[in-house]
Amino acid sequence: MSLDLRWSTDIVTFFNPTYWGLPADLPYDAWEKLVDDDPQRFFDGMLNGAAAAGLSGIELAPAPGGWANALRAYGSAAGFKRELDNRNLVLSSSYALPVQLKAVLDAPDDRSLRLAEQELHENTAEHAAFLREVGCPTLITSTIPRAQFSEIEGAEASSADFDAPSDTELLSRVADQLNGIGAVAANAGLHLAIHTDAYSLASRTVDIDALMTQTDPARVKLCVDAGHIALDGGDPLAVISSHSERAPVLHWKDCSVHLPPHTLSGPPMVRHDAMIKNFRVMGSGGVVDWHEWTKILREKQWSGWGVAEIDMSVDPLREIREGIEYYERELATQ
């Protein structure tokens, strides 16, 4: 029996500069500026690419591929929806970086905390209102790193800090904030889903279990990314076995090897570039057992969106198709 599954991709798959005929070494901030200066050109290209790959949907990405630039590209949520409709696409989900969440958690006093929470809730409400008009039910965000990375390139962080158990008080504070923004999303008829970013407070099984226990299951869901969990040395099979009923969106992405977090160093995009070198299209020689993954989902009678993504792919249409074809050939009727 096949899964009740529709395929999407996160448009970060289309972020490689070479796909647009730009230099391979174009700095990320220069790429962001190009998209900011002409968002319609790039959104047209990414939507056309998703349609050409035979997908049913797309997931909006962090800047510059987020909802704010989609709004700027087409003038309104209704205008963006028309562009999706014209390509027989829907918006499966939309991701927001946890910048305001971190500001709340870092607030030095009660007044700063209240102001940071207000900004977090206002931004969530604006994002949710856009998604409601487009017809998208899932607003995705993530948590914060479980320890401090080294900002000095080539200087490793403390492995003990990353390997230590997470602070239970911090996890409770994060869960409270997730419940809060989940309630804001629910006011717009949406739910929140927490992406399992590698090295975050929602990547390792014990942390995910704690967050799911302390959050409202009707409002706070999971976006399970197999590649991110495996990159952090975690067990994506255990996560879907325990929480698939709260996972409306799954990222079907693999990785080649566990990459210890303390070995990553430098500014965020330098660390990101090192991480994505280890991501793989499913079925192309990674560490995730996709047969067992699919078996668990079938036993759990899971249904939802499968996101076939590979960050900043050098050949996005080919790699999207390769992943889906692997699923259809090896997994769909196993």
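Colleague: What should I know about the ground rules?
Modeller: This is a predicted model, where local features need pLDDT of at least 70, side-chain atom pairs count only at pLDDT 80 or more, and totals for chains, interfaces and linings use all residues. Residues are numbered from 1 along each chain as its sequence is written, and side-chain values use heavy atoms, with hydrogens and water left out.

Colleague: Aromatics, then. How many aromatic pairs are there?
Modeller: The count is 17. Rings of Phe, Tyr and Trp (its six-membered ring) pair if their centres lie within 6.5 Å; planes under 30 degrees apart count as stacked, over 60 as edge-to-face and the rest as tilted.

Colleague: Which class does F15 and W31 fall into, stacked or tilted?
Modeller: Tilted, because the ring centres are 5.4 Å apart and the planes stand at 55°.

Colleague: Where do F15 and W31 sit in the chain?
Modeller: F15 is in the loop between β1 (4-10) and α1 (28-37), and W31 is in helix α1. They are 16 residues apart, and the pair links distant parts of the chain. Elements are DSSP runs numbered from the N terminus: helices are H or I with at least four residues, strands are E with at least two.

Colleague: Buried or exposed, those two?
Modeller: F15 and W31 are both buried. Buried means under 20% relative accessible area, exposed over 50%, partly exposed in between (1.4 Å probe, protein chains only).

Colleague: What about W252 and Y327?
Modeller: That pair is edge-to-face, because the planes stand at 85°, with centres 5.4 Å apart. W252 lies in the loop between β7 (249-251) and β8 (253-255), and Y327 in helix α14 (residues 316-331), 75 residues apart. Both W252 and Y327 are buried.

Colleague: Which residues do ring pairs link into a cluster?
Modeller: F14, F15, Y19, W20, W31 and F42.

Colleague: Which ring has the charged end of K253 over it?
Modeller: The ring of F279, with the charged end 4.2 Å from its centre. The rule is NZ of Lys or CZ of Arg within 6 Å of the ring centre and within 35 degrees of the ring normal.

Colleague: Switching to salt bridges. How many does the structure hold?
Modeller: It holds 17. Each is a side-chain nitrogen of Lys or Arg within 4 Å of a carboxyl oxygen of Asp or Glu.

Colleague: What are the details for K102 and D106?
Modeller: Their side chains meet at 2.5 Å, N to O. K102 and D106 are 4 residues apart in helix α5, separated by about one helical turn. K102 is partly exposed at 42% relative accessibility, and D106 is partly exposed at 46%.

Colleague: And which residue does R204 bridge to?
Modeller: D163, the closest N and O atoms being 4.0 Å apart. R204 is in the loop between β5 (191-195) and α9 (205-214), D163 in helix α7 (residues 159-163), 41 residues apart. R204 is buried at 16% relative accessibility, whereas D163 is exposed at 55%.

Colleague: Which residues form a network of salt bridges?
Modeller: D225, K253, E309 and D311 are linked in one.

Colleague: Last topic. What lines the largest pocket?
Modeller: It has 49 lining residues, with Y95, L97, P98, D197 and P268 nearest its centre. The lining divides into 25 nonpolar, 9 polar and 15 charged residues.

Colleague: Which element gives the largest share of that lining?
Modeller: α12, with 5 residues.

Key
On a 1 Å grid over the protein atoms alone, a cavity is a set of points where a 1.4 Å probe fits but cannot get out, and a pocket is an open set with protein on both sides within 12 Å along at least five of seven lines; lining residues have an atom within 4 Å of a point. Ala, Val, Leu, Ile, Met, Phe, Trp, Tyr, Cys and Pro count as nonpolar, Asp, Glu, Lys and Arg as charged, and the others, Gly among them, as polar.
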